[in-house]
Amino acid sequence: MKRLLSGNEAVARGAWEAGVKVAAAYPGTPSTEILENLARYPNVYAEWSPNEKVAVDVAVGAAYAGRRALATMKHVGVNVAADSVFYASMTGMEAGLVIVTADDPAMHSSQNEQDNRRYSKFARIPCLEPSDSQEAKEMVGVAFDISEQFDTPVFLRLTTRVCHSSTVVELTEDAETLIAQGKPPLDKFPRNPAKYIMIPGHARKRHPVIEERIRLLADFAETFAFNRVEWGDTSLGIVTCGVAYQYAKEVFPQASILRLGMTYPLPPRLIHEFAAAVGRLIVIEELDPFLEEEIKLMGVACEGKSIFPIYDEFDPRVVRESAVKAGLLPEAAHVPLLELDKPPVPPRPPVLCPGCPHRGVFQVLSKMRLPVAGDIGCYTLALLPPLSAVHTCGCMGASIGVAHGAAQAGIGERMVAVIGDSTFFHTGLPALVNVAYNRSNVITVILDNRTTGMTGHQQNPGTGHTLQMQETPPIELEPLVRALGFERVVTVDAYDVKAVDAALKEFVKADGPSVLIARRECALLPEARRRWRPLRVVTDACNGCTMCFRIGCPAILKSDELDAKTQRPKAQIDPLLCTGCEVCAQVCPWHAILFREQLEEVHHD
Amino acid sequence: MIKSYNVLLAGVGGQGTILASNVLADVGLVAGLDVKKSEVHGMAQRGGSVNTHVRWNAERVFSPLIGMGEADAVLVFERAEAVRYIEYLKPEGLAIVDSEAIRPITVTSGGALYPTNEEVEAVYRQATKRFCMVPGAEIARSAGNARAANIVLLGALSAFLDLPEETWLKVIAGRVPAKYLELNRQAFLKGREAACSR
């Protein structure tokens, strides 16, 4: 049966067909949909772990227990999980362990463009890279086999264009039968101290084992079916991998291509033979010159980053135009862009949605002009004007530590950290422990929107449900924070601007650490949507003072009508966008925006 | 017989750009073509500009992305976005643009300018004679719901492609909830008619 599947859907399908029993992840674009899909297959335990490090430990535990296990994450998630990835490489496991790293060339939704193939060499773990969804599905199964054959974790490295492109996939018909025929799981947890307890004495004995493992894997790679040569005209030879293979095929349909499905370790004989058979040897790979460097280390001359960019993602145009410049293609292959006399195009950055519960908090922070250390989530968007209320954002969980460091350094302003609920559970908690224990006067605001917003509403330890929709006791933030030793902890409705304002003003006056929990579900959650009710501007009362424009709500528009005295445009509300959160009504000094209650009164009149 | 066809779809988050690209991809499959579809999730979607690439080929599609200057057609659900993505169109390619305006916050509370319908048409006329501005949202509203504007534009696109009307309607039926089926059917047919009448 053929179906159009995204790379992520295909990985989920492939993992299930390969008999995976346990899968763990923290949501992160472009990897999120793998677990969302896998969670729906029968006989698989799939969870959102609080962070990627925990996810890898969970998968390692399952693999120690003799069950095939999967951990998935975006590229920067591997940074969080790195400690666990490295010990897993040292120990090996009893059953297959596959770690999916979804890299994000072009940084569609990320803070950097790191190339995680580097981790495979760093940790001595083989790396497989599919070029489309069919390969993504097949390679998961192959990765489990390799993992078991060589007693090693295996990286499956995807990129955004593999994750989020849909291509035709042939599904295995009798997958359920095949899964049932898999090898029986262990009854007892292994007791093998020399292998599973990495004290220095054991680890010193394991290091040569994993070096030898990589040597054996390089041998294996020589005949690995996903490393293949597609012979064509031999004047040009191209080494490529992942989605870049597709661009190479499109731009150089005649060339000879060595497509590497395993990008670490590389097969030296295959590469030497290919290089010897072709004229000019080039490497087409996105991001780092990873293959290029490995090939050059083998003493084989090749060109890569001297021709193709080291940053951003490729597409056929990037590859073609780079090739024309390097003389690989004739000048006639150049496709000129249309020369157009274009009207200005207004920027359309992502923004906090209408009804976003973070808006009121940032309106107050903006007014108070406090320095704000931000974190990873929708609320980073408060960096944009008119709010301009976030001043740093580096990685998951960084906000609280950064604010603490600035405070302890003796900066003259009161530092604020803002962090979402899911991010708080991810890596914010240890940083908040640090604020409590080392006593800085940082104000921490936990923006508790009852979900993981940016990645599309995943459950987290505060929501009361697991990924597979089991009910679970939600972790209550206020008792948790109080247990750390904070005395000043206030929970408010995030829509209540006055309450947010009062709490923050009190915190600024006080000495010592404090925590504000601004709680209100994301306006896009189904239960919140049911309460949407657009507000209305009383045009006669509005004098165009601009206060409501300054909260940066997409539902508030400048009308064509000017105020007679101020000659400024009056406000109007787009009834299709407004959710009725009332933040604008609260900041309007002229009571020109009707609250929900008032709408009803007007309605009854 | 279609040998190869590349469509860039663009709009604003929430306009149904992804649903439209799903329909287009399925239509290609039903027509017996190889198909690839590419889209972006996450931060790029929060009310921001959204684009998807759909590629059909009678033999095999390699790249999931269309390079600039290589789209046989652009299908855009919002007119400022139409200007943003015009460079994807190949010379004399087909452009179908909804005249719908969704002003971004840089316009509503900032100083950025928003293009008029005339400006959009003028820039497309420089690129192609095959330009078609459709009041998609308006047509969809007359069919019952402005949200079906994405299907109206697909209807318009279908008028330029040599595929049976039933193929499109069958695919749409498979992609939308049953209670919205009649609405989307009407939206598709009205869009097809609007394009044909030009």
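A: Two residues are said to be in contact if their C-beta atoms, placed from the backbone, lie within 7 Å. By this criterion, 73% of the contacts in chain A between residues at least 6 apart in sequence join residues at least 24 apart.

The model is a predicted one, in which local features need a pLDDT of at least 70 and side-chain atom pairs count only at pLDDT 80 or more, while totals for chains, interfaces and linings use all residues. Residues are numbered from 1 along each chain as its sequence is written, and chains are lettered from A and ligands numbered from 1 in the order in which they are written. For the complex, the predictor gives an ipTM of 0.95 and a pTM of 0.96.

Chain A contains 22 helices and 22 strands; helices (H or I, at least four residues) and strands (E, at least two) are DSSP runs, numbered from the N terminus. The radius of gyration of chain A is 28 Å, close to the 25 Å that the globule rule gives for 605 residues, so chain A is as compact as a globular protein of that length. This radius is taken over C-alpha atoms, and the globule rule is 2.2 Å times the number of residues to the power 0.38. The C-alpha trace of chain A spans about 80 × 65 × 55 Å along its principal axes. Of the 605 residues in chain A, 54% are buried. A residue is buried if 20 or more other C-beta atoms lie within 10 Å of its own, exposed if 12 or fewer, and partly exposed in between, with the C-beta atoms placed from the backbone.

In general, strands of a sheet pair through backbone hydrogen bonds, either parallel or antiparallel. Two strands count as paired if DSSP finds at least two bridges between them.

One open sheet has five strands in the order 14-15-16-18-17 (chain A), with parallel pairing. Its edge strands, each pairing on one side only, are strand 14 (372–373) and strand 17 (488–493) of chain A. Strand 17 of chain A pairs in the parallel sense with strand 18 (residues 514–519) of chain A over six bridges. In strand 18 of chain A, I517(A) is the bridge partner of T491(A). Helix 17 (residues 421–438) of chain A lies across strand 15 (416–420) and strand 16 (443–448) of chain A, and runs at about 145 degrees to strand 15 of chain A. For such angles, axes are lines fitted to C-alpha atoms, for helices over the stretch in contact, and angles run from 0 to 180 degrees between N-to-C directions.

Another open sheet has four strands in the order 9-11-10-13 (chain A), with mixed pairing. Strand 9 (228–230) and strand 13 (280–284) of chain A are the edge strands, each of which pairs on one side only. On average, neighbouring strands of this sheet are turned by 20 degrees against each other, direction ignored. Strand 9 of chain A and strand 11 (residues 255–259) of chain A are joined in the antiparallel sense over three bridges, and R228(A) stands opposite R259(A) in strand 11 of chain A. Helix 11 of chain A lies across strand 10 (233–240), strand 11 and strand 13 of chain A, at about 160 degrees to strand 10 of chain A.

Chain A also meets chain B: 44 residues of chain A are in contact with 46 residues of chain B. On the side of chain A that touches chain B, two or more residues come from each of strand 8 (165–170), helix 11 (244–251), helix 14 (316–325) and strand 20 (556–562) of chain A. By class, this side has 25 nonpolar, 10 polar and nine charged residues; Ala, Val, Leu, Ile, Met, Phe, Trp, Tyr, Cys and Pro count as nonpolar, Asp, Glu, Lys and Arg as charged, and the others, Gly among them, as polar. Strand 8 of chain A and strand 2 (residues 34–38) of chain B run antiparallel and are joined by three bridges. In strand 2 of chain B, S38(B) stands opposite S165(A).
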